Amino acid sequence: MYMIESKGGAIACMLLALLFLGTWPAIMTLTERRGRLPQHTYLDYTITNLLAAVIIAFTLGEIGPSRPNFITQLSQDNWQSVMFAMSGGIVLSLGNLATQYAWAFVGLSVTEVITSSITVVIGTTLNYFLDDRINRAEILFPGAACFLIAVCFGSAVHKSNAADNKSKLQNFNSLETTSSFQIETNPANSELAKEKAKEGTAAFLIELENQRAIKVFGKSTIIGLAITFFAGICFSMFSPAFNLATNDQWHTLKHGVPKLSVYTAFFYFSISAFVIALILNIRFLYWPILGLPRSSFKAYINDWNGRGWSFLAGFLCGFGNGLQFMGGQAAGYAAADAVQALPLVSTFWGILLFGEYRRSSRRTYVLLISMLFMFIVAVAVLMASSGHRK
């Protein structure tokens, strides 16, 4: 099997994982905003997410001089470590499923900020002690503190942007009372009417609400925040569980049984995530939540609208997770939690693809820039804490 041994190689894996893990949520959000049912999207995503793990296992897990390789480990008596890996996959699958519904209520950027910050604060602390403190605490924990500051900015961004949208919708009500005669005869009103469909306007927000699969107008954002915090707790557990699977810190394996390689652990991790996602989403097809329409497995099979995007999201998430674990095994899983700064990437896509924060207030922009700056600092500091596993 191929092993990452240098600190530079580990950091390269983390940076690439950051790009992949920050991009796939944007793709999932894109399909929901175009009206595709989340259950359909998530079932497609689950297939290619597992396929990515299989590809990694049969390529990187089989090449190179290091032993034992992936296939050999499948028949070894290592079920204790396999259970840790599979438990990590279960909580990750639950977290991913929860975020897909949270995005609709509180937006892509805020969801990623809150879940990532919870993940770093809890997950990084657990990984630091599990890895026998190979990461430099004087650098690592200030980096985690930057995430806490970022989540405070993220909450302020959400509150400010919600107030901006409310103001836009109130102004739009008065615009609706303008008669067609006034619009036709008054050039200023005519231009204003054309302006309505542009990103960031009230008309754009209303058009989005009519088109998207999950309707959020009139619903409390507390629902979205509750789902978001649940997802964050789930995400904070998957990396420590994977760490235990590959390094056996609790000495559960029998004497002489090799520890699971990253590739074998990731294979089992992805299988459990696939099974949980499959069961829950098929259940949600027939008994949907949050007011979504009822669907069926047949309807899912025939729904090709956005399927390619959903498959791409699964591949990106699968390869992103694999790269994160490869980097973590080499430089410490606490340092690898730097990839949780994925709001850096997802916020970029949110602005570029969805028009988030367009025509917002100056206060919102200042808070948004402050939030992103703190994430940049957090990534740099956490990666600087990278150690070397002996």
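Me: How many cavities of 30 Å³ or more does a search of the whole structure find?
Reply: The search finds four of them, and please bear in mind that this is a predicted model.

Me: What's the volume of the largest cavity, and which residues lie nearest its centre?
Reply: The largest cavity has a volume of about 170 Å³, and among its 17 lining residues Trp24, Asn96, Phe235, Gln340 and Leu342 lie nearest the centre.

Me: Which helix gives the most to that lining?
Reply: Helix 4 does, with four residues, and by class the lining of the largest cavity holds nine nonpolar, seven polar and one charged residues.

Me: And the second largest cavity, what lines it?
Reply: It is lined by 14 residues, of which Tyr45, Asn49, Ser93, Asn96 and Ala273 are the closest to its centre; helix 11 supplies the largest share of that lining, six residues, and the classes are eight nonpolar, six polar and no charged residues.

Me: OK, the core now: which residues touch the most other members of the largest nonpolar core?
Reply: Those are Met14, Trp24, Phe242 and Phe325, in a core of 89 residues, to which helix 4 (residues 79-106) contributes the largest share, 11 residues.

Me: What is Phe325 in contact with, leaving aside neighbours within four places in sequence?
Reply: Phe325 contacts Phe238, Phe242, Val262, Phe266, Phe269 and Tyr333.

Terms used: Residues are numbered from 1 along each chain as its sequence is written. This is a predicted model: local features need pLDDT of at least 70, side-chain atom pairs count only at pLDDT 80 or more; totals for chains, interfaces and linings use all residues. Side-chain values use heavy atoms; hydrogens and water are left out. A nonpolar core is a set of buried Ala, Val, Leu, Ile, Met, Phe, Trp, Tyr and Cys residues joined through side-chain atoms within 4.5 Å. Buried means under 20% relative accessible area, exposed over 50%, partly exposed in between (1.4 Å probe, protein chains only). Helices (H or I, at least four residues) and strands (E, at least two) are DSSP runs, numbered from the N terminus. Contact means heavy atoms within 4.5 Å. On a 1 Å grid over the protein atoms alone, a cavity is a set of points where a 1.4 Å probe fits but cannot get out, and a pocket is an open set with protein on both sides within 12 Å along at least five of seven lines; lining residues have an atom within 4 Å of a point. Grid points are joined across faces, edges and corners, and a volume is the space filled by probe spheres set on the points. Ala, Val, Leu, Ile, Met, Phe, Trp, Tyr, Cys and Pro count as nonpolar, Asp, Glu, Lys and Arg as charged, and the others, Gly among them, as polar.
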